[in-house]
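I opened this notebook to record what I looked up in the structure. The entries follow the order in which I consulted the model.

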Amino acid sequence: MTTTPTDLLTIADHTFTSRFILGSGKYSYDLIDSAIHQAKAQIITMALRRTSDTEENILDFIPEGITILPNTSGATNAQEAIRTARLARELSGSDFIKLEVVPDKKYLMPDNDETVKATEVLANEGFIVMPYVLPDLNIAKRLVNAGAATVMPLAAPIGTNKGLAAKDLIQILIDEISVPVIIDAGIGRPSQAAEAMEMGADAIMANTSMATAENIPLMAEAFRLGVEAGRKAFLAGPGRVIEHGAVASSPLTGLSQSSHK
Amino acid sequence: MVIVNGEPTQVTDGQTILAFLTARQTPVENIVVERNGEIVRRVDYDTTYIDPNDNLELISFVGGGR
């Protein structure tokens, strides 16, 4: 349990006790099981590519009961993303799709407009659409209207480990968007995951920050603890900040006086 | 010549998709097949015959995402 049995992440009509979604890129498949175990992740994302006769099948490394969240990575427009999503559904047998439309190769910036277009089509086809976007309130509203099950804003460009570079814009989504807001890219350290959860994010997705760590399962555990700590802090209601001066926490009366002159 | 994942590939005349996959030892449960841009349902593999000018894409899951 991440916090209490009643603190569930709900995506469409599916519920999860974990608020940490794992990526599966850039690391050896034989570490996936221990990463999932240490992260206590219940959802793992993976990509689709042409079959290779030489590569192992990633599905052989996924433990029972883990929800597979196929993504449309590689798609550069709505049409390509829709095609990939349909292939993914045939392959996984599940309606979950992490929608990524990324035409930009330098910064890997998602195309928000194409993402809205693809969301409309896929949601109409019964997909549980989880779109990856630049954090923009108007786009997020359009995605919700189009049937998105979540909104997944980037914290910083994919794979950079830069943390909450888009913090203020993400906070607006958290405050205003009714579906779960899941922070999707750029989270580099467990402390950043904790901060995002303290802000009220519903979940965190990370991969590179673990895949590039020296000890992947240990970093997965650290992330799980960061996400859990941040979630508990959010539920507890963080204390206020005093911008100027200080406020003593011990009594100001009853001070003992020294008898020495 | 049949194109499989972008590569010209020799395919026995009149072969079904199931026979083709079996011959190349590709586990059926791990892939999805797209034939000329259309997904072929798994239940149809043994009744779908490959034509000489077909373009087949064989797709699987791989590690990826963030």
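This is a predicted model: local features need pLDDT of at least 70, side-chain atom pairs count only at pLDDT 80 or more; totals for chains, interfaces and linings use all residues.

**Entry: strand β5 of chain A.** I began with strand β5 of chain A, residues 67-70, and examined the directions of its side chains.

**Entry: the partner of β5(A).** I next looked up the pairing with strand β4 of chain A, residues 43-50. β4(A) and β5(A) run parallel, and four bridges join them. Opposite A:P70 of β5(A) I found A:M46.

**Entry: the annotated position.** I consulted the UniProt record, an unreviewed entry, which lists A:K98 under "active site". Where does A:K98 lie? I placed A:K98 in strand β6 of chain A, which spans residues 96-99. Is A:K98 buried or exposed? I recorded A:K98 as buried, because its relative accessibility is 0% and the cut-off for buried is under 20%.

**Entry: the interface of chains A and B.** I then turned to the contact between the two chains. On the side of chain B, 22 residues are in contact with 35 residues of chain A. I noted a buried area of about 2,500 Å² between chain B and chain A, with carbon and sulfur atoms giving 53% of that area. I looked for polar pairs and found 13 residue pairs in polar contact across the interface, both residues being at pLDDT 80 or more. For salt bridges across this interface, the rule returns three. One of the salt bridges links A:E90 to B:R41, with the closest N and O atoms 3.1 Å apart.

I also asked which strands of chain B supply the side that touches chain A. β3 (32-35), β4 (38-40) and β5 (55-63) of chain B each supply at least two residues. I recorded β5(B) as giving the most, with seven residues.

**Entry: B:Q15.** Finally I looked up B:Q15, which I located in the loop between β2 (7-9) and α1 (17-23) of chain B. Which residues does B:Q15 contact, leaving aside neighbours within four places in sequence? I listed B:F20, B:A23, B:T48, B:Y49 and B:I50.

How values were computed. Residues are numbered from 1 along each chain as its sequence is written. Chains are lettered from A and ligands numbered from 1 in the order in which they are written. Side-chain values use heavy atoms; hydrogens and water are left out. UniProt positions are given in the numbering used here, feature names are shortened, and annotations may be inferred rather than shown by experiment. Buried means under 20% relative accessible area, exposed over 50%, partly exposed in between (1.4 Å probe, protein chains only). Two strands pair if DSSP finds at least two bridges between them. Contact means heavy atoms within 4.5 Å. Buried area is the accessible area (1.4 Å probe) that two parts lose on being put together, summed over both. A salt bridge is a side-chain nitrogen of Lys or Arg within 4 Å of a carboxyl oxygen of Asp or Glu. A polar contact is a pair of N or O atoms within 3.5 Å; within protein, one must be able to donate a hydrogen and the other to accept it, and residues adjacent in sequence count only if both atoms are side-chain atoms.
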